[in-house]
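Please open the structure in your viewer and keep the selection tool at hand.

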Amino acid sequence: MPGRGLEGFRVVECGEMVAASYATKLMADMGAEVVKIETPTGGDSARQRGPFPGKIPHPEKSGLFLYLNTNKRGVTLDLEQARGREIFRKLVGQADLLVHNVHPTSMAAMGLDYAELAGVNPGLVMTSITPFGLSGPHSHYQATDLTLWNAGGLCYLNGGGPGSEDLPPLKAFGQQAGFQAGIHAAVAALGALFARMTNGVGQHIDFSIQETLMAISEFAGIMPSYAGQVVVRFTGNKAIRPLDIMECKDGWIYLCCVEEHQWKGFVDIMDNPEWAAEELFDTRLHRAENWDALQVLMEPWVKEQTVEELYHKAQARRIPFAPVSTMGDLLDSEHLKARGFFAEITHPEAGTLPYPTAPYKLSAVPWTLRRPAPCLGQHNAEVYGELGLTREEIESLHKQGVI
């Protein structure tokens with residue numbers, strides 16, 4: 001049986017919600033041994049976020065938590081207690097990497113000062129994920145996913161533009177800033193680990209989520225200086241048509257037939273209605289100029305089609321229509337099923353549910369699903385036993401609220 005890409009690497013995580021948890025999940029999926037630390041009083045706040053099976057909230061059944069923490073072992077530890085920080089230093093002393101997203105104002109108080117931890121483990125790589133980085137005038141600001149999307153400029157990109165000035169800036173659904181930060185933090189950590197393999201030197205990674213979002217804004221971030229323009233979403237009139245989303249009888253489809261051969265092919269699919277021969281619609285420029293009229297004529301016909309039928313008819317004529325997929329549609333996607341993208345995992349409390357897996361396939365060191373997300377404190381005895389603590393010591397620490 002082949003090994004795993006990061007087998008042998010030990011990772012400790014102090015993660016709340018998404019960013020640190022997703023960074024270490026990516027590494028756990030590749031074989032790293034990840035120990036996730038949670039507070040004894042309730043654990044990661046992601047446990048309180050839905051969705052929940054049957055829509056009944058339960059700290060062991062949060063879909064967000066279960067997805068973010070597969071392949072990890074979980075322990076509880078109170079880092080605000082001196083004994084807790086002592087145990088924490090032992091854990092970190094045996095680790096290659098520490099990933100956390102504790103806010104800068106709490107880092108030192110929770111024993112996350114890099115200078116101190118490097119004294120315990122000189123080869124340690126430590127990744128501190130914070131909203132705005134560890135330096136600069138905003139370094140101590142608090143932030144949510146909403147404020148980070150605005151601080152990174154992406155909400156403005158997803159807001160109003162020519163023809164729709166009243167549309168407010170919008171963020172994407174969920175905790176996307178945290179997921180983007182997690183991906184980039186994992187890459188940065190692996191780079192530092194790779195460097196340590198050659199020079200033996202650990203290092204501290206100062207990671208800013210705001211800068212992550214600006215880094216993925218494509219050219220929008222440099223357009224003001226490059227071309228003197230502020231980039232916005234273009235939602236108004238288009239110079240060529242048809243180029244729009246329309247409703248079918250069972251969903252929505254994106255219609256793109258701006259080239260003449262594409263338009264003729266689509267007219268043929270519609271059985272050549274008389275209105276399609278009108279001079280108003282004889283070129284793609286005229287179809288755009290008279291889009292209000294053309295749209296009204298097309299919509300009733302499109303509404304009578306199913307998404308799948310219209311998509312395949314257009315595809316057969318090389319017209320680039322595309323289904324507008326919901327996440328429910330994707331769960332039933334033949335293509336994703338054929339690639340094995342979804343896998344069922346059985347969790348002792350949440351039961352058996354389908355999970356998204358890895359979006360890549362390595363031929364020599366494949367991604368593997370080895371265990372479900374841990375229940376709160378599930379691996380206390382196992383992990384702390386490996387540190388040399390006796391059963392009596394572990395029971396005593398539990399009674400004292402340290403673990």
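**A helix pair and several salt bridges**

Begin by selecting helices α1 and α8: α1 passes α8 in a right-handed crossing. Please note that this is a predicted model. Helix α1 covers residues 19-29 and helix α8 covers residues 176-199; the two pack at an angle of about 50°, with their axes 7 Å apart. This angle makes α1 oblique to α8.

Next, display the side chains where the helices touch. From α1, select Ala19, Tyr22, Ala23, Leu26 and Met27; the α8 side of the contact includes Phe179, Ile183 and Leu190. The residues of this contact comprise 11 nonpolar, two polar and no charged.

Now turn to charged residues. Side chains of opposite charge can pair when their charged atoms come close. The structure holds 18 salt bridges.

Select Asp44 and Lys36, whose side chains form a salt bridge at 3.1 Å, N to O. Asp44 counts as buried, at 1% relative accessibility, and Lys36 is buried as well, at 0%.

Proceed to Glu260 and Arg287, which meet in a salt bridge of 3.1 Å, N to O. This pair links distant parts of the chain, 27 residues apart: Glu260 lies in helix α11 and Arg287 in helix α12.

Finally, select Asp244 and Arg241, which are joined by a salt bridge of 3.3 Å, N to O. Asp244 is partly exposed at 23% relative accessible area, while Arg241 counts as buried at 5%.

Definitions and conventions. Residues numbered from 1 in each chain as written. Predicted model: local features only at pLDDT ≥ 70, side-chain atom pairs only at ≥ 80, totals over all residues. Heavy atoms only, no water. Axes fitted to C-alpha atoms, helices over the stretch in contact; angles between N-to-C directions. Helix = DSSP H or I, 4+ residues; strand = E, 2+ residues; numbered from the N terminus. Parallel < 35°, antiparallel > 145°, perpendicular 65-115°, else oblique. Left-handed = near helix turned anticlockwise from the far one by under 90°. Contact = heavy atoms within 4.5 Å. Nonpolar A, V, L, I, M, F, W, Y, C, P; charged D, E, K, R; others polar. Salt bridge = Lys/Arg side-chain N within 4 Å of Asp/Glu carboxyl O. Buried < 20%, exposed > 50% of the residue type's maximum accessible area, 1.4 Å probe, protein only.
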